[in-house]
Amino acid sequence: MKSWVKTTLAVFISIIVIILIGGAIFYNMLNSSLPEYSGEINISGIDNNIEIYRDSVAIPYIIAQTENDAAFALGYVHAQERLFTMDIARRAGAGKLSEIFGEKTIPFDKMFLTVGIKRNLIKNYAKSNRNNIKLLKAYSRGVNFFIKNAGGKLPIEFSVLGYEPEEWRPIHSLIIMRMMAWELNIGWWTDFAYTELIQKVGVEKAKEILPAYPKDAPVIIPKGIANLPKINNSFVRVEKQFRKFLGLRGTHIGSNSWVVDGSMSESGKPIIANDTHLAFSAPDKWFAAVIKAGNLDAAGFTLPGIPGIVIGKNKSIAWAMTNIMADDADFYSEKIDSSGKKYFYDGKWFNLKIIKDTINVRNSTPVVNVTKITRNGPIISDIHPLSFLYKNEPETFSPISMHWLGSEFSDELNAIYNVNKAKNFYQFKKALNDFGVPGQNFIYGDKKGNIGYVFAADLPLRKFYDASYIIDGTRSKYSWKGILSRNKIPYLLNPPNHFIASANNKTLKNFKYYISNLWEPSSRIDRITQLLKSKKKHSLEDFKNYQMDFVSPYAKEITGHLLSAFSNIKVVDDNLRKTLSLFKQWDFNFNKYSQTPLIYAAFFKTLIINIYEDEMGEELLNDFVFIANVPYRSIQQILNEDDNSWYDNINTPKLETKNYIIRKSLTDALDYLENKLGKKMDYWQWGNLHQVTFKHIFSGKLKMLDNLVNIGPFEIGGDGTTIFNTEYSFAKSIEEYPRFRHDEFENILGPAMRFIYDFAKPEQFLMVLTTGQSGQVLSDHYRDMTSLWLNGKYVKVRTDTTSIFKNNKLLKFIKQN
C-alpha cells in the first residue's frame with residue numbers, strides 16, 4: 001500500500017474515532033443530566049416532609065403540608081426539567097444575555113435595560129403582597145437547592161455554552177412574568193408601521209386599508225401624524241431580532257376558550273376548554289403540575305419560573321385564558337435639546353432622567369448603556385439593531401419614547417395565588433383585580449354549575465380614541481391620565497345562551513374606553529360559536545374534536561370573492577380550470593392532504609403583494625403584515641369594496657380593478673406552485689409545504705444536532721384562521737439566525753397546550769403539550785406528547801390521592817432538624 005494512502009486512511013480513521021468518542025462523551029453528558037424521579041433527599045429549611053410523585057409522562061404531583069413547601073417543591077421540579085429556559089428568560093429580561101452569547105446579543109440587552117423590566121420591578125418590589133414574597137423566596141430555595149446539588153446533572157446547554165447558572169432570586173420570577181407580558185404585548189407593533197404608512201401615502205389613502213373592527217368603529221387618526229418628524233423604527237427591528245433569537249415566532253398570540261353550562265353538556269355539568277396560542281419551541285412553554293398543600297389544591301398548567309397554577313382547576317372552580325389583545329403601550333415623538341439632557345413638554349424644558357448600566361460581554365469589553373427617560377417613558381429609539389441589517393449608517397431620526405403598562409406596578413402573582421384558592425365566582429373576580437398585564441380574558445366554571453367571564457387588564461385612560469400610531473410627546477393631552485377602574489368594566493355570569501366563548505375577538509361592544517384595534521379576525525370565534533350552536537348537548541369527545549377543527553369561515557368569505565371574479569370568464573389553462581373546480585367544491589377545511597388549502601394560501605399571499613407592495617414598497621409591506629391579523633382584516637375589509645384605490649398598481653399605465661387583481665393573484669399563485677412543485681397538481685397537498693418543527697434554541701447550528709434537539713418536521717393542516725391555529729408568517733424572515741429561516745408556509749405558532757375539564761368528573765382533566773414536560777433532550781419526556789398533540793389525543797390527569805399514590809415514582813424530601 002502506498003504511503004499516502006496509508007496516511008490518508010490513518011487520518012480518516014482518526015477523525016472517525018474522534019467523532020465517535022466525542023459523540024459518546026456528549027451522549028453520556030446528556031444522559032448524566034437527566035433528573036431523578038425517585039429516592040429520598042435529606043434537607044433542612046423546609047417545614048415538613050414533601051412528596052413529589054411522577055406519572056408516566058413526568059407530571060409532578062406535589063404533596064406538602066404548607067404552601068411554602070409546595071412552592072419549594074415546584075421550584076425544584078421546574079429547575080430539574082426547565083432550568084436552562086428559565087435562565088435564558090431571566091437573563092433576557094435583566095439585560096444579561098451578552099454575558100454568555102457575546103456581542104451579537106448586545107442590542108437585546110440594551111433594549112431590555114432601556115425598557116427597564118428589572119429596574120421597574122425592583123422599584124415596585126416592596127408593593128408586592130407579603131405572603132407571595134414568602135412564596136417566591138421558598139420557590140427560589142427550591143430552584144437553588146437543585147442548582148447547588150446538581151453536580152454533573154445541570155442541563156447540557158450550560159456545559160455547551162460554558163457557564164453555570166447564578167443563584168435564583170424572587171425578582172427573577174417576577175422578570176419571567178413580565179417577559180410573558182412582553183411576548184404577548186403586540187399592541188404597539190402597528191404603531192410604527194401605521195405611522196410610516198401615513199407618512200408615505202397620506203391619511204386618506206391609509207384609511208382605505210387600515211383595519212377597523214367593527215365597521216361602525218371609526219378610525220380616528222390623531223392630527224399631525226403626517227407632519228411628525230420621520231420616525232426611527234430600529235427598536236422594532238431589534239425586537240424582531242430578539243424574538244427570532246429566542247424562537248418567539250408568530251403573532252397570532254392568542255387562544256381559544258369556551259365553557260358550556262350543564263344544560264348544554266351531556267354530563268349535566270359545565271365543561272371548559274382552553275388552548276393557548278404561542279410561538280412553538282422545544283421544550284414547550286407550559287409545564288403541567290398538581291399541587292396539594294393544606295387548603296391549596298390546584299392542578300393544571302404552570303410557567304417554569306413562576307410558583308402557581310396559571311390555567312387549570314381547584315376543588316371548586318376551573319378557569320381558562322385568552323389574550324385580550326389590549327393595546328398596552330404607546331410611543332411618543334419627543335423633542336430633545338442639543339445638549340441631549342433636556343426634553344420639551346407643554347412649552348417648557350425639563351431635565352431627562354439618565355441611567356447608566358454596564359453590559360458585560362463575553363470575550364469582549366463591557367458596554368455602557370445610557371437610558372434617557374422623559375415623563376412619557378424611556379427613549380427607545382437609540383437602540384440600533386445588528387449591523388447586518390444596515391448597508392449604511394442609520395439615519396438621524398426624531399427621538400421616540402415608550403410608555404408600557406409592564407413598567408407600572410401590578411401584582412399578577414397575587415391574582416394567580418388567589419384564583420388558585422377561589423371557591424366561587426366573586427372570589428375569582430376579586431382576585432383578578434390584581435391582574436394588570438398582559439390583559440387576559442378569564443373564562444370560568446364552577447362545581448355549582450355557574451359559568452362566567454372576567455376582563456382582567458389594566459386599561460390606560462387616554463384622551464384619544466385610537467392609540468395605533470406614534471403620538472406627539474411634547475403635549476400633556478396625549479399622556480395617560482391614570483388606569484380605568486375595574487368597576488367600569490362589565491363581567492358576565494350565567495348568560496342566557498348558556499355558553500361563553502373567546503378567541504381574541506372584540507371583547508366589549510359599544511365600550512366608551514379604548515382597548516385595542518388589534519382584534520383577531522372573527523373566523524375562529526365564528527366557527528366556535530357555530531359548533532357550540534350545532535347541537536343541544538356537548539361531550540368531552542365533542543370538545544376534543546372542536547380543538548382539532550380545521551374549517552375556516554374566513555376562507556369561505558375570501559373564496560366567494562375569488563369565484564365571483566372568474567364568473568363569465570373564459571378559462572383555457574388546464575390547471576386554472578381544475579383550481580376553480582376545486583374551489584367550487586371546497587368545504588373550507590384546511591386538511592393537510594388536500595390541494596385546495598395550498599392553492600388558497602399561495603393565492604392569499606400573492607393577493608397581499610399585488611394589493612399593497614406597489615404603494616408601500618417591500619420594507620414597509622414587511623412591517624405592515626408582520627402582525628398577521630392586520631393583513632387578514634385589511635384584505636377582508638378591502639374585498640368588501642368594489643372600488644378601492646389600492647387595487648390599482650401605480651407602476652402600470654392601466655387602471656387595475658378588484659376582479660383583475662384577484663384573477664392575477666390566482667394565476668401568480670399557480671405559477672409559483674408549478675415552479676416549486678411541478679405542473680402536476682396531484683403533488684400539491686397542503687402538508688407538503690405547511691409543516692411544523694418544534695425548535696430548540698441550539699437549532700440551525702449543525703444538521704446532526706438539529707436531529708437531536710428539534711422535534712419534527714410534521715405535516716399539519718389548518719391556518720391562522722382555523723380553531724386549530726397553525727399560523728405561518730406573511731413577513732419575510734431576516735436571515736441572521738439560520739434556525740429561524742422559515743419556509744413560506746412553515747407553521748410557527750399554535751396551541752402550546754390543550755385543556756378540557758368536565759365538572760362531572762372533578763378528579764380528572766385532559767391535557768396535552770406540544771413536546772413534553774422535560775427540557776432535557778435525551779429524556780423520555782422531551783417529546784413524548786408530540787404524537788398525541790398532532791393526532792388530537794390527550795393525557796388523562798387524575799388528581800385524587802388514591803390515583804396519585806398508585807404506580808407513580810416518588811421523590812421524597814425528608815426534613816432534617
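Residues are numbered from 1 along each chain as its sequence is written, and side-chain values use heavy atoms, with hydrogens and water left out. Because the model is predicted, local features need pLDDT of at least 70 and side-chain atom pairs count only at pLDDT 80 or more, while totals for chains, interfaces and linings use all residues.

**Exercise 1. Strand S26 and its partners**

Determine whether the residues of strand S26 are buried or exposed, and identify the strands to which S26 is joined.

Solution. 

Step 1. Strands (E, at least two residues) and helices (H or I, at least four residues) are DSSP runs, numbered from the N terminus. Strand S26 covers residues 764–769.

Step 2. Buried means under 20% relative accessible area, exposed over 50%, and partly exposed in between (1.4 Å probe, protein chains only). Six of the six residues of S26 are buried, so the strand is largely enclosed by the rest of the structure.

Step 3. In a regular strand the side chains alternate between the two faces of the sheet. Gln764, Leu766 and Val768 point one way from S26, Phe765, Met767 and Leu769 point the other way, and all are buried.

Step 4. Two strands pair if DSSP finds at least two bridges between them. Strand S25 (residues 753–758) runs antiparallel to S26 and is joined to it by four bridges; here arginine 754 stands opposite valine 768. Five residues lie between S25 and S26, which form a hairpin.

Step 5. Strand S27 (residues 795–798) is likewise antiparallel to S26, with four bridges. Methionine 767 has valine 795 of S27 as its bridge partner.

**Exercise 2. The open sheet**

State the strand order of the 11-stranded open sheet and name its edge strands.

Solution. 

Step 1. Strands of a sheet pair through backbone hydrogen bonds, either parallel or antiparallel. In this sheet the pairing is mixed, and the order is S1-S28-S2-S3-S6-S7-S8-S9-S17-S18-S20.

Step 2. The edge strands are S1 (39–43) and S20 (492–493), each of which pairs on one side only.

Step 3. Within the sheet, S17 (residues 440–446) and S18 (residues 451–456) pair in the antiparallel sense over six bridges. Glycine 445 stands opposite isoleucine 451 of S18.

**Exercise 3. Backbone geometry**

Solution. 

Step 1. Proline 283 is placed in the loop between S5 and strand S6 (287–293).

Step 2. Proline 713, however, lies in strand S23 (residues 711–715).

Step 3. Methionine 325 counts as buried because its relative accessibility is 1%.

Step 4. Histidine 498 is partly exposed, with a relative accessible area of 34%.

Step 5. Strands S11 (residues 342–345) and S12 (residues 348–351) run antiparallel and are joined by four bridges; lysine 342 has asparagine 351 of S12 as its bridge partner.

**Exercise 4. Surface patches**

Which residues form the positive surface patch, and which make the nonpolar one?

Solution. 

Step 1. Patches are made of residues with over 30% relative accessible area and no salt bridge, with like charges joined within 9 Å and nonpolar side chains (Val, Leu, Ile, Met, Phe, Trp, Tyr) within 5 Å. A salt bridge is a side-chain nitrogen of Lys or Arg within 4 Å of a carboxyl oxygen of Asp or Glu. Accessible areas come from the Shrake-Rupley method with a 1.4 Å probe; for residues, only the protein chains shown count as cover.

Step 2. Lys and Arg count as positive and Asp and Glu as negative, while His and the chain ends are not counted. The place of a charge is NZ of Lys, CZ of Arg, CG of Asp or CD of Glu.

Step 3. The positive patch is formed by Arg130, Lys134, Lys137 and Arg141. Lysine 137 belongs to helix H6 (residues 130–149) and is partly exposed, at 44% relative accessible area.

Step 4. Ile354, Val368 and Val370 make the nonpolar patch of about 220 Å². Isoleucine 354 lies in strand S13 (residues 353–359) and is partly exposed, at 39%.
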